[in-house]
Amino acid sequence: MVEAYAGLVVDLVAAFATFYLVAVGQSIVEKSGVLNLAIDGVFFLATGAAVYGAVSGLLGFKGPLVGTLVAGVIALIFGLFFNWITTVLPLSQGALGLSLMFVGYGLGIIIGYPARMKVGNLADYAYPADTTTALATLLAVVAFGVAAYFMLERTSLGAAIRACGENPHAAASMGVDIVKTRLIAGALGFLLIGIGSSFFPLMWLRGWDVKSYVLGYGWVAYTIALAAGRHILLLIPFSLVIGGLFRESVRLQAVLGIPVDLSKAVPYIAALIAMVFYSMTKLKKTLMPPSSLGKPFYREERTI
Amino acid sequence: MASIKGLQSSTESDQQPIGDNTSTPVVSLKRITKTFPGGIVALDNVSLEVYRGEIVALLGENGAGKSTLVKIVYGVYTPDKGRVYVDGKPVFFKNPRDAIRKGIVMVSQVPQLIERLTVAENFLLSLESVGLASPFTLTSRISKFIERESEKYGIPVNPEAKVWSLTYTQKQMAEILRAIVIGARVLILDEALTYLPVIERRKFTKFLLEFKSHGGTVILITHKIPEALESSDRIVVLRRGKIVATLGKEEADAETIRRHMFGEESKRLTEALPRSKPGKRKIIVVERLRVLDDYGREAVRGVSLSVFRGEVVGIAGIVGNGQSELVEAIAGLRRAVDGRIVIDDVDVTNKGAKAVRSIGVGIIPDHPLRLGVSADNTIVENIAALFSKQLVIDWTEMRRLAGHVIKKLNVKASSEDDPVKTLSGGNIMKIIIGRELLYAKKALVAYNPTRALDEVSAAAVRGAIKSRAINEGLAVLFASEDLDEVLELSDRVYVINTGQLYGPFDLDTTSRDEIEKYMVM
Amino acid sequence: MIAGILFYATILALMGRNPVEVIYALARSFVSPGIVKDFLILSMLGYALYVSFKGALFNIGGEGQFYIAAIGVIAITLSLMPWSPGQSTAKTILVIVLAVFVATLLGGLWGLLAGVFRGYAGIDEVPVTLLLNYVAYYTVDYLVYSIFRGRHTYGYIRTDEIPEAYRLNYYLPPRTSSGEGLLGSLSSLAYQFLREFALYYAWVIGLAVVALVVYFVMYRTRLGLLIRIHGSNSDYLRAIGVDVCRVAVATLALSGSLVGFTASLYVLGYLGRLPYPVEESTANYGYIAILVAWLAVLEYKLIPLAAYIVAALRDAGINLQVAQLGGTEQTFISIGLLLTVFTVVKVFTEYRIEVRHSG
């Protein structure tokens, strides 16, 4: 009985840690006004990077922590490029994101596949599946989240990031350096996306397959971020519930008595309902997307 | 007052006038000339000196050059000729940030605050840009600081409130306090208080005097004479890019100022178009209408009016007094919070533009590029969207209509398939006017119907509108910032000021002076 | 385009691969008969998404609309009107027509649903259509697992095969003798293309239908005009008294129904059954078509060209695998980089105009 619960905790923490960190990262990026539709590609790229880091003995270091670090750094570089180019050029952020999503899939295979082939069982390089690791991860992840929330909501930097997402022109006139601020948001957000993604092969699946790009778990994180209105603290219950629903869809169908496939659709329907709910209540003001999300940062001058 | 890190301008090269602190103006402008593309001279050799501890009002009509003048001081524009001096030293501002670092801060009519941030967070961003905060400064610390400053200057501001939850007055209070907190010595108010109700505005007057007593300087831009008289020590009147009068507090009275503002213009006789004979039936009826603007201010405050069949009713007023919102509400493009709009005996209040359009109402809106055309689409497509009602569009017929509009209004376009965005502003306006005149069967509701047109075209448009009213019984309601246009075209005139309607005035018995008085009071 | 290829070659060289070989393999795909199938499907879907993109509605829900429609085909052909030996030709035709019709309707409804969220609840269509993709996947999975589970599937969970009578393919015999030299191989290649087109003859007709419908709706009807204006300035629509919400709903419904139409032809002309779970074996056409519409710069005439390029690049992935030069990753990277570079370069051509504007 105790083991069963311990197993549940380990499973849940893995799903939670993955989704929460990726969703927090995504929220930080989007709060700065950059629409990130490359999320699923970056997610897969980071899982490939995590596998590479964990097994290939980079500078003599191996293991899950190295994997997480490499995933974070690779995602961060990706994010710096993405946030930079979408801010300095008036291009379609949505289109660029989707294009780069494919690049992410490709690079993920290139980085991860040879490394994966080198070792027999990836579980040997993954985080230990015990309650101590799970609880430590839970604490660390929540601490990260709270720190991100504090930075975003209580500091000058956080105000600047949100200002860039709301009204970059007004922010610029107040003296905010839009490019610099979005670069910081991109670095930080994508770092978290990378770290979170690394938990997917190294803690959740404890394995990795070239074909896992089709799973669209990056899109799930994107959905969670949207459903919780990009609110860093609200993301905790959302990630837990939706992550849990994913991880435990078999158990869920037993409890609810609905078919397993329909229970898989529940998180998505829940997210849709959550969004409709916000749009109709007072929460709309707090949780609605940043006003300038996805809009190029340049001004049309023409008037009559 | 918060201190500012001194930053010297890097372009000090000329000889500097030397003088002691008391007699050196804080800001002085020497022989400033500014011309805009298209050859419009906004400022013509203007010189002005503003001293420490005084409140100077810049008065003038729309287009007199007062906004351009302060935007030069604030680093938004650079002058073509002339120089700006701060504390007697020449400065060259590349952007407002340079001006802010010299202690010059502008607050404009539209609050430049970020809606979803708190007041404290907005302050923090500005403080960081002048080096008074770091990226890791906590908002809680700033809140306390704001509370202290708020008490010191007697400006009530709640630092924890989200900006979107504030009223317009509260936002402007926050703007002004922010200006002080980031170290303003010279506060430029570009119509920042002009559209506040008088009672609200008086709260600011008290504070401005307080600021002045601390050695602050205020440059107040307005076209409302009472506002200028309320608090200023000196009134500078601009007309057509030139300073035409500088009046001390004692010598200034409303009548003198008005004469200077409008100059000989006001004496110019306008050739009114022939009057139409209004019918018996009321086509447009507006009752106690109240409408909010984009910032939640009450822009239209209980307006009632009516337009008879075949009658042209003009609404005079200076821009921003609610006429744009009034026209939008009647056109079904803006919600009324109270009151009633009836067109051709149909109650169309808050029924949307579709209800209004289906009666046969032509609309020439404010914001023509947003509400008047779809710029990426062609001329004929813009016309077909309004005229074609069947499932399948009869493009031959639509081409005919487009050709008609192009010919009738002499639009400079190579064909009706030109995308609208390739046309000049004046030609886009002609497309809108032509299309709406063609569409209007019962009524025409218009805002600045001849904007961006040259004099000849504008006169032709006014003639066309009038003849539709006289010959076909079209009921026309229009608002215009151009008083001459109102006097020329209207059968009956109202004046709108701060959302309230005055009149109607009979043009046979009312002088132009009287109408102007209502516009600027 | 050229910039994209050069950039890609550089990346390959950095990866230690011979760019010439890889690019040769890529280039070969552009004349490979294997791309006909993808070309036809992607052209149809490209037009379907063109409709919504023209209205500035970013329908990324093609995947969901595709499979929800596909399940309609399964329902009609296997469950509601199953084939019985010796049934009349008239009935066969009726079933096929009905299957196509139902699929079109279902795709349209799935699009309409997204449109309602967008139009009336004001939620951005990107997350809505994306979420609905997953709802569609799992709904289809559920149906395949339960009521449409096949009995003749060798133990696999999937639907039965759609009967041959309902399949829309025409097989040309392979040509036995081909001439000598360049001319011979060219004529042989042409014949292979012809065989592919014959095999998917229904899609050729389908593409013609979709292209004509899209052209007619977008450029001859009031709805099409309103959609195009919605894409440029929806405030203008409001000002002339158009219900903007309804335009959004109609746009997404139309786009979805064209996706549904395409899906029905895909199932009847190629797939023949639905797998389980569907999200793990999808060809991702719904997503790839986004790239087609985008690559065509939303120009009506360029959709087939864009579909051809994307189809060739997809095929190249397989070619490369055979040549042991890589695999799926090359497809992803080449498509991704091409589009990335395209997106960025496009800005520079537009930006010049903007600068002149403000000048």
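**View 1. Strand β17 of chain B is mostly covered.** The strand runs over residues 443–447, and five of its five residues are buried. Buried means that 20 or more other C-beta atoms lie within 10 Å of the residue's own, with C-beta atoms placed from the backbone; 12 or fewer makes a residue exposed, and anything in between partly exposed. Strands (E, at least two residues) and helices (H or I, at least four) are DSSP runs, numbered from the N terminus. This is a predicted model: local features need pLDDT of at least 70, side-chain atom pairs count only at pLDDT 80 or more, and totals for chains, interfaces and linings use all residues. Residues are numbered from 1 along each chain as its sequence is written, while chains are lettered from A and ligands numbered from 1 in the order in which they are written.

**View 2. Both faces of β17(B) are covered.** In a regular strand the side chains alternate between the two faces of the sheet. On one side sit Ala443(B), Val445(B) and Tyr447(B).

**View 3. β17(B) pairs with β16(B) and with β18(B).** Two strands pair if DSSP finds at least two bridges between them. Strand β16(B) (residues 361–364) pairs with β17(B) in the parallel sense, over four bridges. Here Val361(B) stands opposite Ala443(B). Strand β18(B) (residues 475–480) also pairs with β17(B) in the parallel sense, over five bridges. Here Ala446(B) stands opposite Phe478(B).

**View 4. A right-handed β-α-β unit is made by β17(B), α15(B) and β18(B).** Helix α15(B) covers residues 455–472. Right-handed means that, with the strands pointing away from the viewer, the path from the first strand over the helix to the second runs clockwise.

**View 5. Helix α17 of chain B (residues 512–520) has buried residues.** They are Ile515(B), Glu516(B), Tyr518(B), Met519(B) and Val520(B). These residues pack against several elements of chain B, including α7 (225–231), α8 (254–262) and β13 (312–316).

**View 6. Chain C touches chain B.** In all, 16 residues of chain C are in contact with 24 residues of chain B. Contact means that the C-beta atoms of two residues, placed from the backbone, lie within 7 Å. Two elements of chain C, α9 (222–232) and α10 (234–239), each give two or more residues to the side that touches chain B. α9(C) gives the most, with six residues.
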